[in-house]
Amino acid sequence: MNDQMPTFVRYEQGETPDDWDLEDKIFTQDKSYKCPTYIQKTAPCSGSCPSGHDIRGWLAIARGMDKSPVEGQAWQEYAFAKMTEANPFPASMGRVCPAPCESGCNRNEVDDYVGINAVEQYVGDWANENNLKLAEVGAATGRKIAVIGGGPAGLSAAYFLRRAGHEVVLYDANNKLGGMMRYGIPGYRTPRDMLDIEIGRITEMGVEVHLNTTVGKDVAIDTLEANYDAIFWALGAQKGRPLPIPGWEGTENCIDGVEFLDAFNKGWVVGTAQKVVVVGGGDTSIDVASVARRLGHVTNVAKTEHSDGSVIDFTAQDTAGVLSREGMQATLTSLFPIEQMTAAEHEREDAKREGVDIRGSVMPLEVIKDETGKAIALKCCECDMKGNAPVPREGTEFEIEADIIISAIGQAGDFEGLEAFDNGRGFIDTDAGYTVKGHAKHFAGGDIIKPHLLTTAIGHGRVAAATITDFLDDGEIEKRPTIDLHQFNLLEELHARGKEPSAYDHQPTRGTDSEDFAVHNFDNRSDSQIVKHTELYKGHFPYEAREVRDEVHIEGDNVLGNFEERIIAYTEEQAQKEGERCMSCGMCFECDNCVIYCPQDAVSRVKKSDRTVGRYVETDYSKCIGCHICADVCPTGYIKMGLGA
Ligand SMILES: Cc1cc2nc3c(=O)[nH]c(=O)nc-3n(C[C@H](O)[C@H](O)[C@H](O)COP(=O)(O)OP(=O)(O)OC[C@H]3O[C@@H](n4cnc5c(N)ncnc54)[C@H](O)[C@@H]3O)c2cc1C
Ligand code: SF4
Ligand code: SF4
């Protein structure tokens with residue numbers, strides 16, 4: 001949080017009103033003849049959201065500035081429709097997205113970021129409670145697309161392809177859809193009833209789903225090529241990487257984190273060993289360690305259907321307290337110092353509070369085994385990182401006792417039967433637009449091209465669906481914009497409210513200020529420009545503390561068997577209040593500063609019958625003297641001085 005009061009920053013840096021030439025500024029016209037133009041730019045929050053949300057747009061709805069064109073529609077429903085233009089999983093995102101948008105938010109420069117993620121959760125939950133549906137399916141195109149993998153990337157692609165009117169057939173190897181949202185992330189972070197609703201909305205759009213079907217084994221690539229106009233590969237990264245240390249390979253109680261969580265989420269794992277060591281540092285390792293800690297040590301192990309010696313030696317049935325548990329010890333080691341671990345800070349803090357012993361700057365050296373070949377400890381040393389390479393500190397070797405060692409150091413794709421697509425490093429290589437290199441009509445996205453986040457996989461699905469539609473049109477794929485997001489579109493906004501400009505008569509005109517076939521002096525540069533905080537008049541915004549979402553803090557003693565959700569959603573009032581904190585970077589938010597401060601009365605509000613978001617103020621260029629004051633006092637950076645007339 002920024003603890004410096006924003007309004008006084010200039011003074012503290014030594015600037016005084018004497019430094020401003022007000023006389024010149026207000027009363028002498030600018031010789032450049034520049035007059036205000038209204039420029040829509042991308043807000044940095046959206047620029048940092050991999051799924052491409054129009055965040056500013058839905059925050060404007062939350063605070064009541066943008067009202068639905070549909071009479072009587074609740075603001076939450078309108079916001080949900082806006083959100084799902086980019087991402088059909090607001091309730092999931094609002095819980096587990098690490099919210100890069102908040103790190104990018106310009107409000108960090110004033111006091112603290114806007115609670116974007118929490119508003120997203122509030123709207124997503126409201127939509128679930130009120131049984132809201134997604135947008136209509138597009139008019140049928142007669143094209144048929146196979147989507148391989150029903151995780152976030154595949155589901156997002158299926159959704160956007162259905163919106164475009166294509167038939168979609170989705171194959172997944174598992175017996176339920178959701179990918180890592182269901183089989184990786186534990187249910188106390190992505191509750192399964194919530195997942196079922198968000199996924200069900202997509203399949204209800206008419207997606208043909210084939211579960212328990214592994215492409216490459218049950219369906220051949222040739223069959224797909226013969227039956228579909230395009231194929232989207234969204235296989236995810238299903239294979240955990242082994243620890244590259246002596247003693248790992250072939251040791252039955254050394255397993256990877258994906259395997260462990262998959263087994264747990266399928267209900268096969270209940271108890272783990274007394275002492276678990278998890279090696280990693282990213283989200284997966286935190287989830288592994290936290291799940292292990294919740295499971296506790298089972299003294300009374302029920303027989304499972306999968307007693308195959310790896311995960312399952314430490315597993316049993318059901319989490320519901322059928323089994324008696326004792327406390328156990330979960331240690332999580334990371335090569336990086338704790339504060340540089342890739343897992344989100346709040347996840348780290350929760351894990352620590354719940355009793356996971358997190359140790360940073362630790363390098364695994366060797367698996368120590370007993371005479372039966374079972375791992376009993378992990379030999380490590382302290383280390384320093386040089387870039388991404390660990391450098392051991394001499395003489396610091398130590399051992400951590402372990403009944404099971406779990407490697408959560410990264411994942412790659414499983415290419416059994418699909419070897420032709422493997423780039424040799426366990427991923428698929430794509431060009432921009434997610435076309436698979438060297439394979440016509442094949443596209444790929446999500447973790448299988450580069451493991452990252454849910455929101456990233458969803459963004460890939462959205463853009464790939466657009467690229468596929470473009471490809472099916474004429475076989476050519478147009479270059480995507482530099483900033484490839486779902487953007488506010490003024491013409492659509494005017495159209496939705498029956499206020500579109502009249503048809504252009506193709507007659508020569510001088511300027512557009514008195515014409516009604518164009519929106520005068522408005523330009524949309526959001527596909528190439530992001531508005532910086534230095535372009536905003538930040539003094540407009542008083543200090544306003546962020547609404548902090550409550551969390552259920554589970555202390556170490558109560559963690560065993562506790563799989564309840566931790567995050568407590570905003571109330572409606574909190575969501576609206578947070579919407580008000582948004583500074584609407586790059587878009588007018590109707591504050592009237594330019595109207596009030598213009599010394600020439602050249603700026604006025606657009607008449608009420610013509611007004612919409614993005615069309616609120618206009619300038620009479622015959623009165624404007626180009627003094628720049630309107631641009632200086634515009635809090636949102638929306639006014640840029642351009643050529644007049
Ligand atoms: C433990 C864990 C915790 C995580 N925590 C977070 C988090 O908190 N926040 C966050 O944003 N991200 C998190 N991630 C990352 C996130 O889950 C992934 O980036 C995301 O799920 C990738 O989506 P995807 O659709 O590409 O792949 P996946 O979600 O892996 O889905 C791939 C799907 O393809 C199917 N499949 C694979 N091969 C075949 C085949 N041959 N035939 C048919 N189907 C096939 C699989 O069954 C699966 O359903 C986490 C990941 C893990 C493993
Ligand atoms: S999906 Fe993630 S990055 Fe995008 S708006 Fe939501 S919280 Fe922010
Ligand atoms: S203040 Fe609002 S528009 Fe600006 S970056 Fe933050 S959330 Fe986005």
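How many nonpolar, polar and charged residues does the shell around ligand 2 have? By class, that shell has eight nonpolar, five polar and one charged residues, where Ala, Val, Leu, Ile, Met, Phe, Trp, Tyr, Cys and Pro count as nonpolar, Asp, Glu, Lys and Arg as charged, and the others, Gly among them, as polar. The model is a predicted one, in which local features need pLDDT of at least 70 and side-chain atom pairs count only at pLDDT 80 or more, while totals for chains, interfaces and linings use all residues. Residues are numbered from 1 along each chain as its sequence is written, and chains are lettered from A and ligands numbered from 1 in the order in which they are written.

Around ligand 2 there are 14 residues, of which C49, C97, A99, C101 and T455 come nearest; a residue is near a molecule or strand if its C-beta atom, placed from the backbone, lies within 6 Å of it. At least two residues of this shell are supplied by each of helix 7 (100–104) and helix 8 (116–129), helices (H or I, at least four residues) and strands (E, at least two) being DSSP runs numbered from the N terminus. Helix 8 gives the largest share, three residues.

Helix 8 also packs against helix 18 (residues 572–581), at an angle of about 140 degrees and with the axes 10 Å apart. Axes are lines fitted to C-alpha atoms, for helices over the stretch in contact, and angles run from 0 to 180 degrees between N-to-C directions. Helix 8 is therefore oblique to helix 18; angles under 35 degrees count as roughly parallel, over 145 as roughly antiparallel, 65 to 115 as roughly perpendicular and the rest as oblique. The contact involves A118, V119 and Y122 of helix 8 and A575, E578 and G579 of helix 18, two residues being in contact if their C-beta atoms, placed from the backbone, lie within 7 Å. Four of the residues in this contact are nonpolar, one is polar and one is charged.

The shell around ligand 3 comprises 15 residues, with A43, C45, C105, C582 and C585 nearest. Helix 3 (44–47) and helix 4 each supply at least two residues, and helix 4 accounts for the largest share, three residues. The shell has eleven nonpolar, two polar and two charged residues. Helix 4 (residues 55–62) packs with helix 5 (residues 75–83) at about 175 degrees, their axes 9 Å apart, and the two are therefore roughly antiparallel. In this contact G57, W58, I61 and A62 of helix 4 meet W75, Y78, A79, K82 and M83 of helix 5.

An open sheet of five strands has the order 4-3-2-5-19, with parallel pairing; two strands pair if DSSP finds at least two bridges between them. Strand 4 (208–210) and strand 19 (442–444) are the edge strands, each pairing on one side only. From one strand to the next the twist averages 20 degrees. Strand 2 (residues 144–148) and strand 5 (residues 230–233) pair over four bridges. Helix 16 (residues 454–474) packs on the sheet and touches strand 2, strand 5 and strand 19, its direction making about 165 degrees with that of strand 5.

Helix 16 also belongs to the elements that give two or more residues to the shell around ligand 1, together with helix 9 (152–163), helix 10 (180–183), helix 13 (257–265) and helix 14 (283–295). Of the 41 residues around ligand 1, G149, G151, G179, G236 and G446 come nearest. This shell divides into 21 nonpolar, 15 polar and five charged residues.
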